Number of protein chains: 2
Amino acid sequence: MAETQFDLEGFLPYLLNQAAEAAGREFAAAYRGRYGMTRTQWRVLAHLGRFGALTATEICRRAMEEKTGVSRAVQALEERGWLVRDALAEDRRAEALSLTPAGHDAYQALAAEAIRFDALLRSRLGEERAAGLAEVLTALIGAARD
Amino acid sequence: MAETQFDLEGFLPYLLNQAAEAAGREFAAAYRGRYGMTRTQWRVLAHLGRFGALTATEICRRAMEEKTGVSRAVQALEERGWLVRDALAEDRRAEALSLTPAGHDAYQALAAEAIRFDALLRSRLGEERAAGLAEVLTALIGAARD
DNA sequence: TATTGTTATACTCTATAACTATA
DNA sequence: TATAGTTATAGAGTATAACAATA
């Protein structure tokens with residue numbers, strides 16, 4: 001019986017993971033190195049900065065994060081004075097989370113870095129290939145949800 | 001001053017991470033669910049199965065893994081009877097790692113699953129887009145090494 | 001009964017440093 | 001001095017379950 005020919009270097013989950021790690025590591029310098037934030041904290045900040053007030057559950061759904069991680073990230077951002085909680089009249093179990101002015105300043109600075117980094121990645125690939133990459137990744141993510 | 005317009009849903013590191021997590025989670029069922037292996041153990045098994053005897057340092061370089069993780073994965077595979085160490089005459093600090101027949105059987109089974117899963121992903125995307133994706137990811141990984 | 005959010009627990013992963021044996 | 005590999009430690013990520021408050 002012939003050997004199964006498996007090409008690890010062309011295995012999509014492996015390539016995806018290596019590329020995600022390489023890009024993530026490079027950008028982590030922006031939030032981890034400069035602000036001492038974790039990735040989950042950066043994602044919470046990014047969602048609140050981008051979309052305004054959200055509940056923790058909404059952040060979990062949009063960011064594909066666990067509620068435990070979000071709970072701890074919210075706590076850390078709150079202690080830092082970057083985030084406030086407001087009671088929701090319509091459901092007293094949930095809270096509306098939003099950024100303080102200081103939190104919004106941090107978001108603005110990090111969003112600007114993110115835009116620069118995204119542009120750097122896209123320039124490395126060429127705009128056409130980068131746009132195609134984003135489209136294919138989105139398709140993969142969508143397909144996995146089913 | 002205008003707000004910085006940052007589109008989190010188009011941010012490449014974010015898309016790469018979501019896609020890698022989705023694909024990785026789906027394939028992890030093969031090695032974690034069925035064999036109780038960690039991802040690092042699967043990667044060590046895959047490299048030894050694919051390339052034959054390697055030293056730990058060579059696995060680290062090829063698989064982009066930390067030497068501590070590889071050291072522990074090698075230990076676990078050894079205890080399981082899937083891997084043996086052989087002294088290297090030319091450098092007694094290093095060891096040649098290779099799979100036992102049982103280890104090779106496990107590799108064959110997992111490699112076959114990997115081939116099936118890769119084919120599934122490629123069929124979801126279409127062969128042309130999948131080939132393009134692999135090429136662009138390889139370029140990204142290569143660019144990040146510099 | 002179900003859901004929001006917190007806390008506890010455990011395992012994996014990542015990263016660093018200290019250490020040994022050898023080069 | 002430098003390298004191969006092990007061990008220890010700590011922080012971060014992932015996953016589950018138990019729990020309180022509210023719906």
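Author: Start with a term: helices are DSSP runs of at least four residues, numbered from the N terminus. Keep in mind that the model is predicted.

Reader: How do you know that A:Glu21 and A:Arg25 are about one helical turn apart?

Author: Both sit in helix H1 (residues 12-35) of chain A, and they are four residues apart, which means a separation of about one helical turn.

Reader: Why is the contact between A:Glu21 and A:Arg25 called a salt bridge?

Author: The closest N and O atoms are 3.3 Å apart. The cut-off is within 4 Å, so the pair qualifies.

Reader: What makes A:Arg93 and A:Asp91 a salt bridge?

Author: Their N to O distance is 3.0 Å. That is within 4 Å, so the label holds. A:Arg93 is at 77% relative accessibility, over 50%, and is therefore exposed. A:Asp91 has 24% and is partly exposed.

Reader: How do you know that A:Asp118 and A:Arg122 form a salt bridge, and are they buried or exposed?

Author: The closest N and O atoms are 2.7 Å apart. Within 4 Å is the requirement, so they pass. Both residues are buried, which means under 20% relative accessible area. They lie four residues apart in helix H5 (residues 101-125) of chain A.

Reader: How many salt bridges does the structure hold over all chains?

Author: The total is 21.

Terms used:
Residues are numbered from 1 along each chain as its sequence is written. Chains are lettered from A and ligands numbered from 1 in the order in which they are written. This is a predicted model: local features need pLDDT of at least 70, side-chain atom pairs count only at pLDDT 80 or more; totals for chains, interfaces and linings use all residues. Side-chain values use heavy atoms; hydrogens and water are left out. A salt bridge is a side-chain nitrogen of Lys or Arg within 4 Å of a carboxyl oxygen of Asp or Glu. Helices (H or I, at least four residues) and strands (E, at least two) are DSSP runs, numbered from the N terminus. Buried means under 20% relative accessible area, exposed over 50%, partly exposed in between (1.4 Å probe, protein chains only).
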